[in-house]
Amino acid sequence: MSSRNLASIALLAVVALATGFVLAGQVKAQLLTPSNQVARYQALVRSVQELEAANADSRRQIASLRGKIDSLESQAAAQSAATQTLRNEVADLRAHAGLVAMHGPGVEVSLRNGVPGPDIGNQTGYLVNFEDVQDVVNLLFAQGAEGMAVNGRRITPLSAFSGSAGEVVIDQGPPLTSPIKVVAVGDRNRMQAALDDPSALPGVRARQVQFQVHLTFEGSPDVSLPAYDSSLQIPHVSPT
Amino acid sequence: MIALLVALVATIQIRSQAEVERSLIGADATSLAFLIDDLHRANDSLADEKSDLGKQRAQLESGQAGAADQVLTDEANRLRAIEGLAPVHGPGVVIVIDASGLTALDLQDALNNLAAGGAEAVDVNGRRVIMGVPVYQTSGGVTIDSAIVMPPWTISVIGDANRLGVVADLMTQQLRADRRVRAATYRVEADVMIRSVLTEKPFVYAVAS
């Protein structure tokens, strides 16, 4: 083998080695970074799941505590007419606050995500958002709804809606996503007529056309609402 | 051989990035961080509720004379405040919005923002507002519980004054950018008085289960 051949082989080896290092660097830089991102993302998802589990557990405990308190109040009321009168008053107030399960004639409104459209300026327009739910709830209350629940979450006098694209947060609940079902007890004919009105719910109706967001509703002779199972605290309010 | 190696690495690289993108669909890390923050606050609130309910149960179980009456009286007073049936006071904010052309949807959004910011009692121009009180658009203007509320709107809110102050600041900033709004201001107050009350409405259709 001539010295020229040896030099060629050595040069090829150096080039191959350099290419190997470059490729290894590339793999390290571009494969490890995404894997770190995935790990961080998974950690965040785990945190959300743990917090949601704790949230659901707290709701169960609150419902159970309210049940026990009701039972103890019932026992006390059985021994005193004055206590019974007070208990009746509180029962009525609890019913109006959403703390008691109820049923009656009403409507069920369904909201579902549409399909993404080409509109760059409104990339999440196809998603059902908290304003849509807020608008439906306000419309039904304006038509005399006496109680309401959204995906099984009872609406109370202090309820609020928030969230980001496609997520609907009601009070202390974990976010809800499409499909969303709003159930209301009240005058179903009046509520159905309001939902039928093409001028009502302009935000949803515009996106029905643009993104095929679904809005459907149905009257029923008997719909059920669960009791509220979360916090109803007013620590800053004092009676005058 | 080198070309084969390059192709292999490139393939691995492309597949890996596709996997990452698939796993990130739905929510980015920032959204998840906000969600975690919200869930922490929600769970703290639920913990407070559990604690209060635990105290009520303990009081009822104590068997002391008048314990049930006291629990029921406290509960009635609390619920009457929540349902807007009693005058109340406490720390909070007062927002004044002078505008022409604002609609019921604008007022509903403002009230919802305040509720999400921890409002515990609200009054607009002397009308008590809770979730469920109809805020409606008519040809004569915005009505609350069938009464027209003419601008300027003075919204009195009781709750955590710090939290409500942040919400009011953001709200008034956004409102001032709206052409329909002549002025939007707020002030934080140590004691906001709300004297307006709602009238109890008996259920016509609903039956307790």
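A: Strand E1 (residues 102-112) of chain A pairs with E9(B) in the antiparallel sense, over two bridges. Two strands pair if DSSP finds at least two bridges between them. Helices (H or I, at least four residues) and strands (E, at least two) are DSSP runs, numbered from the N terminus. A:Met102 has B:Ala208 of E9(B) as its bridge partner. This is a predicted model: local features need pLDDT of at least 70, side-chain atom pairs count only at pLDDT 80 or more, and totals for chains, interfaces and linings use all residues. Residues are numbered from 1 along each chain as its sequence is written, while chains are lettered from A and ligands numbered from 1 in the order in which they are written.

Now the whole contact. 73 residues of chain B are in contact with 81 residues of chain A (C-beta atoms, placed from the backbone, within 7 Å). Elements giving two or more residues to this side of chain B include helix H1 (2-24), helix H3 (67-82) and strand E9 (207-208). H2(B) supplies the largest share, 23 residues. By type, the side of chain B that touches chain A divides into 40 nonpolar, 20 polar and 13 charged residues. Here Ala, Val, Leu, Ile, Met, Phe, Trp, Tyr, Cys and Pro count as nonpolar, Asp, Glu, Lys and Arg as charged, and the others, Gly among them, as polar.

H4 and E4 of chain B also give two or more residues to that side. E4 belongs to an open sheet of three strands, order E4-E5-E6 (chain B), with antiparallel pairing. Its edge strands are E4 (135-138) and E6 (147-148) of chain B, each pairing on one side only. H4(B) packs on this sheet and touches E4 and E5 of chain B. The direction of H4(B) makes about 165° with that of E4(B) (axes are lines fitted to C-alpha atoms, for helices over the stretch in contact; angles run from 0 to 180 degrees between N-to-C directions).

Notes:
Contact = placed C-beta atoms within 7 Å.
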